[in-house]
Each structure stands twice: as structure tokens, then as C-alpha cells.
Amino acid sequence: MLAAASAAMDSHAITILPDMSLPGRDTPRPFQPPVAQRDIKAEVIYCVGGVISPCLLNVALHGLEEAAGVCYKTSGPRAGDTRPGSPVAVRYADDVVVLCHSQQQAARVRARLTEWLAPRGLAFNEDKTRIVHLSEGFDFLGFNVRRYRSKLLIKPSKAAVRRVRERLASELRTLRGSNAMAVIAALHPVIRGWAAYYRGVVSSRLFGSLDHYLWHITYKWATWRHANKPKRWIAGRYFGKFSKFRNDHWVFGDRDSGAYMVRFSWTAIERHVPVKGAASPDDPALASYWAARRKKVKPPLDGYTLRLLTRQDGLCPLCGDHLLTADQPPQSPEQRERWWLQVTRKAIAASYLTHHGRPGPADGDQTRLVHASCQRALHARQRRKPALQPATPSRLA
């Protein structure tokens, strides 16, 4: 949405961030009695930052596009596109960017939205609201949108890169004295989640830079852990070609278990496809559209696991249900991190399943992805029947 909308605009953009804590000047006086007012304030403060906060903001700011003067084509082959000369508004909860054709149009849209927000008791956060040229660029939801000469590029913002660097360094500082497996378990979801969130924009060169930074801090961790060992010994102990699918001899890993740390650059770039018009995932009439759209999005897994999922049509061979639910995709690096921990690590696992009298290869063994719960149930049944060959699970990369 950002890429398509920004490319269609010519020069100016308004970054609009309504501040829910700043009431308008015409806001009515507090309710009576004062005790009830305190209770209402406590309930509102409790909602801020919670899971229902974005929903409440969507309700409060519904109609902002119409107030900004956004007009869409309603018929023809390009139905859903904005009309010529119309501004474009991109909003996520209370973060809004309005893309305009000129500075004069941006000023008019800002004045119009100020009037529209006032009756709702809302006002702009003046510290975060500004009118800038696309050649200067602006940050939005962790992305930087900027036009370089005649080409528009969307990249991870400098603040987002700084935060992930500080997060990686902080995690390693707290893991001094721990073993390599603890380091891999702590940093693996951070790398997976951050790379998956930014894989839809211009991130390839940045991923390589973060891989170099990751090597630097892991090597520093290893030298701190083995201060009396030579550098050649440290490199041979913690770095090597751990992944058989990657021709990389400087991957951080654990020699005892064979586990290794993934790299940012191993996440393939997948360009984001803009949503058509004002299509909403909450519209029951568009359920098929959103289901087909989510089905095309590849989960942030390694190529080997993706090939297994494709070969299985995304189904568990033991129960027949979907391995990954087609739910709303995560909307932030932190959500991607939790998604990786809760879904891929706990819900699915790679297992070698034996085909007893069923169609299969000549050797009778195939690698399949199964639900972790189904795998545990299979192991329990095999323990009750000692004659059967037990399955040998292996962790996902």
C-alpha cells in the first residue's frame, strides 16, 4: 500500500499522528460526578497499549479518508485506484500518512482533518506532524519512504536498525557465561521476526550489513567466554559450515548438537502486493479475497521447510489439518518474533515417517512436517507398540 500510494504522488506528504491524550479546545467539561470521571479515565488508560486499543482507534477514526478528500474509482478495470488529483491516506491505528500532489494541497488536507478531529476530542501531535517533500523522506511504522531522484524506495528506518542492533547486543551481554545453544535460542526468533517483517521492502543490502554485525558480536561473545584460547581455536569451535544447504563456512553454531544461528540474508525478499481499494479483512463479502491473498504469502521459513510445506499442500499427514493457520499475518517485528516462537517452533516439527504398505519411495522413508502434538501422540502409540520403528525427529532450521 505504501509503495503504490507513494509512487503515484508527486511531491509532498503529511505525517499525521493524532494524540489521544490531547483533547480539543471545544471538548466538553468533565462528567459529573467526579468519581465516575475517574473510573472512566482509569478504563481508558487501561485500554491504551492493550490488544483492543487499535480496534478503538479504528472506530474513532473511521471516515478519515473521506474527510481528507480521498476518492476511489468505483468502476472499470482499475476500480479501487485513486482518482487523478486525489490525495492518498495510509493509516494504521492512530499513525497516519497523507500523500498529496503539492504543498498547498497538503496544507488544505491538514486544515480539513483538524476540523474533522475537533468534535471527536482529538488533536494532532504537533511534535510529530509535519509536511515534507518526498525527496527528504519520512519514517512510518518502522519504514523510511524516500524518493531518490526519480525512483521511490522504501527501506527499514534508521531507528528500527538501531533498535535491532541494540537488542542483539543486549541479549548477548546478558548471555555471557551461557553456552552456544542459549545464544542461538535467544537470538534465533529475533532474527527471524525482524527479517520477516522487513522482507517486503528494499532490505537485501541491509540484511548483509546486519549479518556482519551479528558475526562481530558473536565472535566478541566467544572471545569473552574463552579469554585464554587462541583465535583459531575459537573460530573452529563456534564457526563453520553448519548448514548443509548453505555454502557458508562462518555460521555460528554448536558443535555438540549441530544447531546453528540463521542469518538475516537467508530470508528471501518478497515484495508486498497492495490491497485493492478500501478492502477490509473484516468485510464478510471479501473473505475469499483475503483467504486467497494470505495463501500466496510465504511464511518466513527456510527453503527446505517451504518445499516440504508445498509438497504436503500445507497439511499434516497424521491428522489432515493445516500446519499453519491462515490468520491475519503479524504486523510488527515483535509479533513476528512471537509468531515464530509460538507457531513454527511449538506447532510443527520435521519427522521421518515410515510408510507401511502405502505409496512411497523405494526405501519407504520420507521426511514430512507434522504437528508437534501429532508427533507426541505418534510417539506415545509407538511406545505402546514396541514392534514399530520409532520416528526420529529433527528440529527446523
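Modeller: Start with H6 and H8, which are roughly parallel to each other. This is a predicted model.

Colleague: What angle do H6 and H8 pack at, and how far apart are their axes?

Modeller: The angle is about 20°, and the axes are 10 Å apart. That is under 35 degrees, so the pair counts as roughly parallel. H6 covers residues 158–174, and H8 runs 204–225.

Colleague: Left-handed or right-handed, the way H6 passes H8?

Modeller: Right-handed.

Colleague: Which residues meet there, H6 against H8?

Modeller: From H6, Val161, Val164, Arg165, Leu168, Ala169 and Leu172. They meet Leu206, Ser209, Leu210, Tyr213, Leu214, Ile217, Thr218 and Trp221 in H8. By class, that contact has eleven nonpolar, two polar and one charged residues.

Colleague: OK, H7 next. How does H7 pack on H8?

Modeller: H7, residues 180–197, packs on H8 at about 165°, with the axes 13 Å apart. An angle over 145 degrees counts as roughly antiparallel, so H7 gets that label relative to H8. The H7 and H8 crossing is right-handed.

Colleague: And which side chains are involved, H7 and H8?

Modeller: H7 brings Ala180, Val183, Leu187, Ile191, Trp194 and Ala195. On H8 the partners are Leu206, Phe207, Leu210, Leu214 and Trp221. The H7 contact with H8 has eleven nonpolar residues, no polar and no charged.

Colleague: Leu206 on H8 is in that list. Where else does Leu206 turn up?

Modeller: In the contact with H6. Leu210, Leu214 and Trp221 of H8 also meet H6, and these three touch H7 too.

Colleague: What about H9, at what angle does H9 cross H8?

Modeller: Roughly 115°, and the axes of H8 and H9 come within 10 Å. H9 is residues 231–238. The H8 and H9 crossing is right-handed.

Colleague: Who makes the contact between H8 and H9?

Modeller: Tyr219, Trp221, Ala222, Thr223 and Arg225 of H8, with Lys231, Ile234 and Tyr238 of H9.

Colleague: What lines the largest cavity?

Modeller: Asp211, Leu214, Trp215, Thr218, Phe239, Trp250, Val251, Phe252, Met261, Val262 and Arg263. Two elements give two or more residues to that lining, helix H8 and strand S11 (251–252).

Colleague: Which element gives the most to the lining of the largest cavity?

Modeller: H8, with four residues.

Colleague: And how do the lining residues divide by class?

Modeller: Eight nonpolar, one polar and two charged. Leu214 and Thr218 are among the lining residues, and both also meet H6.

Note on methods: Residues are numbered from 1 along each chain as its sequence is written. This is a predicted model: local features need pLDDT of at least 70, side-chain atom pairs count only at pLDDT 80 or more; totals for chains, interfaces and linings use all residues. Side-chain values use heavy atoms; hydrogens and water are left out. On a 1 Å grid over the protein atoms alone, a cavity is a set of points where a 1.4 Å probe fits but cannot get out, and a pocket is an open set with protein on both sides within 12 Å along at least five of seven lines; lining residues have an atom within 4 Å of a point. Ala, Val, Leu, Ile, Met, Phe, Trp, Tyr, Cys and Pro count as nonpolar, Asp, Glu, Lys and Arg as charged, and the others, Gly among them, as polar. Axes are lines fitted to C-alpha atoms, for helices over the stretch in contact, and angles run from 0 to 180 degrees between N-to-C directions. Angles under 35 degrees count as roughly parallel, over 145 as roughly antiparallel, 65 to 115 as roughly perpendicular and the rest as oblique. A crossing is left-handed if the near helix is turned anticlockwise from the far one by less than a right angle, and right-handed if clockwise. Contact means heavy atoms within 4.5 Å.
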